[in-house]
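Here is a short briefing on a protein model. Look at the sequence and the structure first, then read the points below.

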Amino acid sequence: MCGIVGYIGTQQAAPLLLEGLTRLEHRGYDSAGIAVVGGGTTAALRIAKKAGRVRGLQADLPKRFTGKVGIGHTRWATHGPANDVNAHPHTNATHDVAVVHNGIIDNAAALRHRLADEGVELVSDTDTEVLAHLVGLSTADTLERRVSEALALVEGTYGLAVVHADFPDRIVVGRNGSPLIIGVGEKEMHVASDLAALVRYTTTVAHLEDGEIATLTATGFTTYRTDLSHTSRPATTLDLDLTAYDPVGDGAEGGHMHREMLDQPAAAERVLRGRLDERFGTAHLGGLNMDARETRAIRRVKILGCGSAYYVGQMGASLVEELARIPADAEAASEFRYRDPVIEPDTLYVAVSQSGETIDTLLAVEEIRRKGGRVIGLVNVVGSAIARACDGGIYLHAGPEVAVASTKALTTMFLGFSLLALQLGRTRDLSIADGKRLIAGLQALPAQIEEVLKSEDQLALVAARLAEAESLFFIGRVRGFPVAREGAQKFKEITYRHAEAYQTSELKHGPLALISPVVPTVAIVPDDELTDRNVAALHEISARGGPLVVVTHPDVDLGDVRCERIDVPRSERELDPILMTIPLQVLAFHAATTLGLDVDKPRNLAKSVTVE
Ligand code: AGP
């Protein structure tokens, strides 16, 4: 949540900062601001900040906003509403310090009181402002010492960047629980909370660790612990597909979500590449760091994730139970760690996260490891906090996902779980024939996903009708229920319609009371052992005048039920959930587009949730 950028070098900082912020806007888009130091003989600090989008800030930027050192921020509000005053950077009373900050200062209230007692006037509602005052009040001889002294008083999480008019040759940055990446350029240095803001300038980067601060000058960087003892943090050059970071015009070409949905066949190929063993009908996941004896010793699998990652975790639990016959379940990581969970030595814990930053998932991993449990990660962002905190894992290779609504990352998560279940199954009772059957199914998926995506025009018409409803149900049973949950999540996230997921079997126990001609239901009806029961439920809905959209397989007999029918290609039954999820993404996207909403930046949300 929130995005940080910083630049020091030979070029004017402001345009680079604004460009970087535009690339980070998916992380928070309530307000934006930049601070630059320099220009002229006396180093002065200039700050511009504004509620709303980066383009608004850019339009209003004063002409002479010069300086070759600067920091910037795009905000997702935690303390105080989104307005100009609460926007970052924050400064001290004498306007010589500027701070941008991601994370939450837990003892901000106590620090505000303390500062007020010392006669400091705080102007914003934010926790960040205290940092600016604390740095400003320090009389230490270097900026590093001033920042170190301030951080010693602070409890909480931060990724932060500080500039100071009296130290115009440097930016000091710090990390504790909120990512910061340093980018090394030619006679210039960059810093950002996300690679997306750096890759246009450099792919030589260093990830700061928790508890580290760093000084950036135009010629290099130095890292320390917060007590200023030196650390070694060498920069490495990443091999990245830079086109995946190209900005997509807001709405112009459909935006990021559209591009990411269409990338799903390729993403599916990437996550499977080199991991399928057709000869022995199994998967090879070297990154698990477990041998066959260890995988055989697993008695239970517990999957942890948040939001859509939790729902795909439920799909993953079904895969593990069906293919490996190991009891498995998924739980919201945000709840798990608060209930003092019993950590069992023969349970394999699986953390699933696109960003690898989600704070609840990260803290759940740390809790499990503290209690001696083994955790593997299904993570997209290489080198992210969750990936590093796990004992091993599977990288998803979805490529950067920018839209807040997750699509291709989820598809690769599902395939990651399929690979895991296959490998676990084949070290147990899954036959080689069944293993080969699954592999053939997995290999067919990219083309089948492509086929579903080709029906976008038809889906757009259905979506336009769904968009008219204030409230909708998404229903499914067993394998279909997490599909319904994910479908409802995607729909509500970007259309702001009330979309509720229910088990089809539970309809008669309450929600049927809400069915009426103005409450449509999207039903997941695969051709499986429950088809008849599902079709019976469709009749019950139809009899009460409820409009129906049915995601099903070709040739499934829906009787005389009046509905909009969406057929997806047949796959192996275990793999049905992912093919049935794809049209729900397309429906949500087109419903939101019909309503004229900003699909990539839904209100109140941000791409990664790095605060509790
Ligand atoms: C998905 O569309 C959502 N924006 C959200 O639920 C997301 O899946 C969740 O916050 C978890 O994120 P992560 O995968 O980065 O951990």
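**Helix H7 and its buried face**

In helix H7 (residues 264-272), Gln264, Pro265, Ala267, Ala268, Val271 and Leu272 are buried, that is, under 20% relative accessible area, where exposed is over 50% and partly exposed in between (1.4 Å probe, protein chains only). The model is predicted: local features need pLDDT of at least 70, side-chain atom pairs count only at pLDDT 80 or more, and totals for chains, interfaces and linings use all residues. Residues are numbered from 1 along each chain as its sequence is written, and side-chain values use heavy atoms, with hydrogens and water left out. Helices (H or I, at least four residues) and strands (E, at least two) are DSSP runs, numbered from the N terminus.

- The buried residues of H7 fall within an arc of 165 degrees seen down the axis, so they line one face of the helix. The arc is that of the directions from the helix axis to the C-beta atoms.
- These buried residues pack against helix H6 (255-262), strand S15 (276-277), strand S21 (392-395), helix H13 (408-426), helix H14 (432-454) and helix H18 (576-594). Contact means heavy atoms within 4.5 Å.
- Just after H7, Gly274 has a positive phi of about 75 degrees.

**Helix H15: two sides**

- Glu456, Leu459, Ala460, Val462, Ala463 and Leu466 are buried in helix H15 (residues 456-466). Their arc around the axis is only 165 degrees, which puts them on the same side of H15.
- Asp457 and Leu461 are exposed, on the face of H15 turned away from its buried side.
- An α-helix has 3.6 residues a turn, so residues three or four places apart point the same way.

**Helix H9 and its two partners**

- The axes of helix H9 (residues 308-324) and helix H16 (residues 480-495) come within 8 Å and cross at roughly 165 degrees. Axes are lines fitted to C-alpha atoms, for helices over the stretch in contact, and angles run from 0 to 180 degrees between N-to-C directions.
- That crossing makes H9 roughly antiparallel to H16. Angles over 145 degrees count as roughly antiparallel, under 35 as roughly parallel, 65 to 115 as roughly perpendicular and the rest as oblique.
- Ser308, Tyr310, Tyr311, Gln314 and Met315 of H9 touch Pro482, Val483, Arg485, Glu486, Gln489 and Lys490 of H16. This contact has 5 nonpolar, 3 polar and 3 charged residues. Ala, Val, Leu, Ile, Met, Phe, Trp, Tyr, Cys and Pro count as nonpolar, Asp, Glu, Lys and Arg as charged, and the others, Gly among them, as polar.
- The axes of H9 and H13 come within 9 Å and cross at roughly 25 degrees. H9 and H13 are therefore roughly parallel to each other.
- On the H9 side, the residues meeting H13 include Val312, Leu319 and Leu323. Their partners in H13 include Phe414, Phe417 and Leu422. The contact of H9 with H13 divides into 14 nonpolar, 5 polar and no charged residues.

- Most residues other than glycine have a negative phi, and most peptide bonds are trans.
- His88 and Pro89 are joined by a cis peptide bond, with omega about 0 degrees. Pro89 lies in the loop between strand S4 (69-75) and strand S5 (90-91).
- His95 has a positive phi, near 55 degrees. His95 sits in the loop between S5 and strand S6 (97-102). His95 is exposed, with a relative accessible area of 51%.
- Tyr496 has a positive phi of about 65 degrees, although it is not a glycine. Tyr496 lies in the loop between H16 and strand S23 (498-503). Tyr496 is partly exposed, with a relative accessible area of 25%.
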